Amino acid sequence: MRKLEVKRERRFLPHLVLLNAAYTFLKDADPEAKRPRASHCELAAITFSALALEALANAYGERLITDWEDFESASPIAKLRVVCVHLK
């Protein structure tokens with residue numbers, strides 16, 4: 001019996017996963033509940049949002065900018081600026 005191997009390529013969009021995590025934590029950070037963990041959820045939402053912005057810049061930068069590797073060590077704001085300038 002022969003084994004059959006199926007490979008399928010799909011696009012992975014990490015910024016969407018990170019934004020979903022940020023949204024989930026933001027929903028859990030209900031300030032009316034007055035729980036000690038609400039501030040932890042807010043911090044997690046901010047952190048995941050920042051990571052999502054960098055992932056978004058990387059996702060578009062890799063597709064739009066020829067030498068994107070040159071920007072790998074740049075700040076997320078610088079990366080977003082480069083992408084925005086490229087898109088006018």
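Is Ala52 buried or exposed? Ala52 is buried, at a relative accessible area of 3%. My cut-offs: buried is under 20% relative accessible area, exposed is over 50%, and partly exposed is in between, with a 1.4 Å probe and protein chains only.

Ground rules before I go on. I'm reading a predicted model, where local features need pLDDT of at least 70, side-chain atom pairs count only at pLDDT 80 or more, and totals for chains, interfaces and linings use all residues. Residues are numbered from 1 along each chain as its sequence is written, and side-chain values use heavy atoms, with hydrogens and water left out.

**Entry 1: around Ala52**

I found Ala52 in helix 2, residues 37–64. Helices here are DSSP runs (H or I, at least four residues), numbered from the N terminus. Leaving out residues up to four places away in sequence, Ala52 touches His15, Leu18 and Leu19; contact means heavy atoms within 4.5 Å. Leu18 is 34 residues away along the chain, yet its C-alpha atom is 5.2 Å from that of Ala52.

I then looked at His15, which sits in helix 1. His15 counts as buried, at 10% relative accessibility. Beyond its neighbours within four places, His15 contacts Ala52, Ala55, Leu56 and Ala59. A reminder to myself: an α-helix has 3.6 residues a turn, so residues three or four places apart point the same way.

**Entry 2: helix 2 itself**

I checked the length of helix 2. Its 28 residues should span 40 Å at 1.5 Å a residue, and its end C-alpha atoms are 40 Å apart, so the two agree. The expected span is 1.5 Å times one less than the number of residues.

Which residues of helix 2 are buried? I listed Ala38, Cys41, Ala44, Ala45, Ala52, Ala55, Ala57, Asn58, Ala59 and Gly61. Their cover includes helix 1 (14–28) and helix 3 (76–87).

**Entry 3: helix 1 against helix 2**

The axes of helix 1 and helix 2 come within 8 Å and cross at roughly 165°. Axes are lines fitted to C-alpha atoms over the stretch in contact, and angles run from 0 to 180 degrees between N-to-C directions. I therefore noted helix 1 and helix 2 as roughly antiparallel, the term for angles over 145 degrees. The contact includes Leu18, Leu19 and Phe25 of helix 1, and Phe48, Ala52 and Ala55 of helix 2. By type, the contact residues are 16 nonpolar, 2 polar and 2 charged. Nonpolar covers Ala, Val, Leu, Ile, Met, Phe, Trp, Tyr, Cys and Pro; charged covers Asp, Glu, Lys and Arg; the others, Gly among them, are polar.

**Entry 4: helix 2 against helix 3**

How do helix 2 and helix 3 pack, and at what angle? Their axes are 9 Å apart, at an angle of about 40°. Among the contact residues are Leu53, Ala57 and Tyr60 of helix 2, with Leu80, Val83 and Leu87 of helix 3. This contact divides into 8 nonpolar, 3 polar and 2 charged residues.

Ala78 lies in helix 3 and is partly exposed, at 23% relative accessible area. From Ala78 to Ala57 I get 9.2 Å, C-alpha to C-alpha, across 21 residues of sequence.

Lys88 is in the segment after helix 3. Lys88 is exposed, at 90% relative accessibility. Its phi is near 60°, a positive value in a residue other than glycine.

Key:
Helices (H or I, at least four residues) and strands (E, at least two) are DSSP runs, numbered from the N terminus. Angles under 35 degrees count as roughly parallel, over 145 as roughly antiparallel, 65 to 115 as roughly perpendicular and the rest as oblique.
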